[in-house]
Amino acid sequence: MIHIVFDLPNTTVWNDWVEECARRTEELKAQGAKDPYSVVIDDLYKRDSVRKSVFFALTGPFKGKCAFCEVWLESHFPDIEHYRPKKGVTDENDNVVEIQDDDGSTRKHPGYYWLAYDWKNLLPSCNKCNRPTAEGKMGKRNRFPIAGTRATKPSDPLKAEGPQILHPVFDRPENHFTVNFEEDGDDSLLIPTTDDGRMTLKVLGLNKRSDLREHRASAVLKFQALWALLARPKDREEAHRKLKNLCDGAGPGTLAVRILYDQIIDSIPVRPWSRDC
Ligand SMILES: [Zn+2]
């Protein structure tokens, strides 16, 4: 996961969709006021034209990659995932989240149905991040652990929840992890530096998947090679352009190289690929 700069598209496809989503959200709220468990949510949130032109687009804000794990969407059966789950909520261990009514009785959380069509709650996701896998309990699914007070209806403040899973658009994942770049270290593993980083790592299984570890190690290798080329005048311009692309999120494994760029270069001056070479 990397930070995504989401500049709102100013296209007819996007604007019409957002307008319809707002109107239909009012319908969801009206249904939920009567019975939050029988709200009907349709496929408006994953309208094909919006998926293709924004959420899944190579030229879009997510650069054709999964918002959670950075793999290419095209080859991983992509879908639109709800950051706050639309129907039912579980904690990080897949236990159903219950809420308490005014009379003290408990019932299961109905899900954040009123956010089902809200673009701020929608993220492009690969199949490994949004579905149960045989490899273990990895993936987002209905999991949404929080540290604060759970919102249970549209009028409840979302800010009070304190989500423990990072949001790539509204959080800076780069500030929640580091990577071991010591000579004998394993640079394919993310090391969380905050509680939210730790929870995000656990829920998404970012260190458990061998494909992600390979992407990360490969990106770091590319970074090191390009950094070394910066010292050669004839290669400098091309290397700098490629280095910039690598950190801009043009390929998988970007989080590791952004951390490398931001944190390691200044603190470890003597490396084969350091600025001293
Ligand atoms: Zn993914």
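Q: Is the crossing of helix 1 and helix 2 left-handed or right-handed?
A: A crossing is left-handed if the near helix is turned anticlockwise from the far one by less than a right angle, and right-handed if clockwise. Helix 1 and helix 2 form a left-handed crossing. This structure is a predicted model, in which local features need pLDDT of at least 70, side-chain atom pairs count only at pLDDT 80 or more, and totals for chains, interfaces and linings use all residues. Residues are numbered from 1 along each chain as its sequence is written.

Q: At what angle do the axes of helix 1 and helix 2 cross?
A: Helices (H or I, at least four residues) and strands (E, at least two) are DSSP runs, numbered from the N terminus. Their axes are lines fitted to C-alpha atoms, for helices over the stretch in contact, and angles run from 0 to 180 degrees between N-to-C directions. Here helix 1 covers residues 12-34 and helix 2 covers residues 48-55; their axes come within 10 Å and cross at roughly 125°. Helix 1 is therefore oblique to helix 2, since angles under 35 degrees count as roughly parallel, over 145 as roughly antiparallel, 65 to 115 as roughly perpendicular and the rest as oblique.

Q: Which residues of helix 1 and helix 2 meet?
A: Two residues are in contact if their C-beta atoms, placed from the backbone, lie within 7 Å. Helix 1 contributes Val13, Trp14 and Trp17, and helix 2 contributes Ser49, Val50, Ser53 and Val54. The residues of this contact comprise 5 nonpolar, 2 polar and no charged. In this scheme Ala, Val, Leu, Ile, Met, Phe, Trp, Tyr, Cys and Pro count as nonpolar, Asp, Glu, Lys and Arg as charged, and the others, Gly among them, as polar.

Q: How do helix 5 and helix 6 pack, and at what angle?
A: Helix 5 (residues 210-229) packs on helix 6 (residues 233-248) at an angle of about 155°, and their axes are 8 Å apart. That angle makes helix 5 roughly antiparallel to helix 6. The crossing of helix 5 and helix 6 is left-handed. On the helix 5 side, Ala219, Lys222, Phe223, Leu226, Trp227 and Leu229 take part, and they meet Asp235, Ala239, Lys242, Leu243 and Leu246 of helix 6. This contact holds 8 nonpolar, no polar and 3 charged residues.

Q: Which domains does the domain assignment of the protein chain give?
A: Domain bounds come from an automatic or database domain assignment. For this chain, the assignment gives domain 1 (12-157) and domain 2 (179-267). Taken over C-alpha atoms, the centres of the two domains are separated by 29 Å. In the contact, 16 residues of domain 1 touch 17 residues of domain 2. The side of domain 1 that touches domain 2 has 7 nonpolar, 2 polar and 7 charged residues.

Q: Why does methionine 138 count as partly exposed?
A: A residue is buried if 20 or more other C-beta atoms lie within 10 Å of its own, exposed if 12 or fewer, and partly exposed in between, with C-beta atoms placed from the backbone. Methionine 138 is partly exposed because 19 other C-beta atoms lie within 10 Å. Methionine 138 is in the loop between helix 3 (127-130) and strand 5 (177-179). That loop between helix 3 and strand 5 also holds serine 155, which is exposed, with 8 other C-beta atoms within 10 Å.

Q: Where is glutamate 98, and which residues does glutamate 98 touch?
A: Glutamate 98 lies in strand 2 and is exposed, with 12 C-beta neighbours inside 10 Å. Leaving out residues up to four places away in sequence, glutamate 98 touches Thr106, Arg107, Lys108 and His109. Glutamate 98 and lysine 108 are 10 residues apart in sequence, and 4.2 Å separate their C-alpha atoms.

Q: What is found in the loop between strand 1 and strand 2?
A: Lysine 87 is in this loop, which runs between strand 1 (79-82) and strand 2 (98-100). Lysine 87 counts as partly exposed, with 16 C-beta neighbours inside 10 Å. Apart from residues up to four places away in sequence, lysine 87 touches Gly111 and Tyr113. Lysine 87 and aspartate 248 are 161 residues apart along the chain, and their C-alpha atoms are separated by 34 Å. Aspartate 94 also sits in the loop between strand 1 and strand 2, and is exposed, with 12 other C-beta atoms within 10 Å.
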